[in-house]
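Reader: I am new to this structure. Please show it to me, then let me ask about the terms.

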Amino acid sequence: KQWYQRRVRECSQHSKMIPVICEPVLQSKSAMCRRRCMEYIELIFTVWELNIITKNLSLLENCIKSGINDADSETRVFARQTFWMFHEHFTKNAENMMKTFDNSKQKMLRETKLGKSGASSAGASSTMRRPTKKLAPGSSATLPKPPTMSKSTPDLSQLGKVSTLPRQPKTPNNRLQSAGASSSSPH
């Protein structure tokens, strides 16, 4: 399921989506919502075209700053990873942003870049994702295999499913037969 959601996110690139994605990072009270939107912003820097990203660059910068200062540790992990993807494309902006952080946040950012402060400490992915190279027009690539369920994630596909025998459709003949069977009891 996550693989398909990721494919939808990769294929639906439009600059008008960025404010919709960034708004929860800046205003939501839900840690899970902020975390997922920050993860999505990380994906934007990984796979979206730069010309789409530059249209909302200041908004994305604000989201990264907000994510790095977030109360939720996993949101901060995604924000730090996103910062380095942002740095790869917009070095000057990222260096100016780095100067606005206090020493402890700068240290955490540097450790994330070096791989010392892995995402595993917050329970997220333990490897930092790198931006993928864009394919030339007309070339093709094979899609990655869908991820397998981890042992820590329960299989919810069977949740709420109850096996029942199929019922016969109610027709006038069925109703008469079932009524006759119940009324024809021996006296």
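Author: What follows is a set of questions on helices, rings, the core and salt bridges. This is a predicted model, in which local features need pLDDT of at least 70 and side-chain atom pairs count only at pLDDT 80 or more, while totals for chains, interfaces and linings use all residues. Residues are numbered from 1 along each chain as its sequence is written, and side-chain values use heavy atoms, with hydrogens and water left out.

Reader: How do you know that the span of helix H6 agrees with its number of residues?

Author: Helices are DSSP runs of H or I, at least four residues, numbered from the N terminus. The expected span is 1.5 Å times one less than the number of residues. H6 covers residues 73-89, which is 17 residues, so it should span 24 Å. Its end C-alpha atoms are 25 Å apart, and that agrees.

Reader: What makes H6 mostly covered?

Author: Of its 17 residues, 13 are buried. Buried means under 20% relative accessible area, exposed over 50%, and partly exposed in between, with a 1.4 Å probe and protein chains only.

Reader: Why is the pair of Phe-45 and Phe-86 called edge-to-face?

Author: Rings of Phe, Tyr and Trp (its six-membered ring) pair if their centres lie within 6.5 Å; planes under 30 degrees apart are stacked, over 60 edge-to-face, the rest tilted. The structure holds 3 aromatic pairs. In this one the centres are 5.7 Å apart and the planes stand at 90 degrees, so it is edge-to-face. The pair links distant parts of the chain: Phe-45 is in helix H3 (residues 31-47) and Phe-86 in helix H6, 41 residues apart.

Reader: Are Phe-45 and Phe-86 buried or exposed?

Author: Phe-45 has 1% relative accessibility, so it counts as buried. Phe-86 has 0%, so it is buried too.

Reader: What makes the pair of Phe-86 and Phe-90 tilted or stacked?

Author: The centres are 5.5 Å apart and the planes at 35 degrees, so the pair is tilted. Ring pairs link Phe-45, Phe-86 and Phe-90 into a cluster.

Reader: Which residues of the largest nonpolar core touch the most other members?

Author: A nonpolar core is a set of buried Ala, Val, Leu, Ile, Met, Phe, Trp, Tyr and Cys residues joined through side-chain atoms within 4.5 Å. This core has 32 residues; Ile-41, Phe-45, Trp-48, Ile-53, Ile-64, Phe-83 and Phe-86 touch the most other members. H3 gives the most to this core, with 8 residues.

Reader: What makes Arg-34 and Asp-70 a salt bridge?

Author: A salt bridge needs a side-chain nitrogen of Lys or Arg within 4 Å of a carboxyl oxygen of Asp or Glu. Here N to O is 2.6 Å. Arg-34 lies in helix H3 and Asp-70 in the loop between H5 and H6, so the pair ties together parts that are 36 residues apart in sequence.

Reader: How do you know that Arg-34 and Asp-70 are buried?

Author: Arg-34 has 11% relative accessibility, so it counts as buried. Asp-70 has 8%, so it counts as buried as well.

Reader: Which residues does the salt-bridge network of Arg-35 join?

Author: Arg-35 forms a salt bridge with Asp-72, the closest N and O atoms being 2.9 Å apart. Arg-35 also forms one with Glu-74, at 3.8 Å between the closest N and O atoms. These bridges share partners and join Arg-35, Asp-72 and Glu-74 into one network.

Methods
Helices (H or I, at least four residues) and strands (E, at least two) are DSSP runs, numbered from the N terminus.
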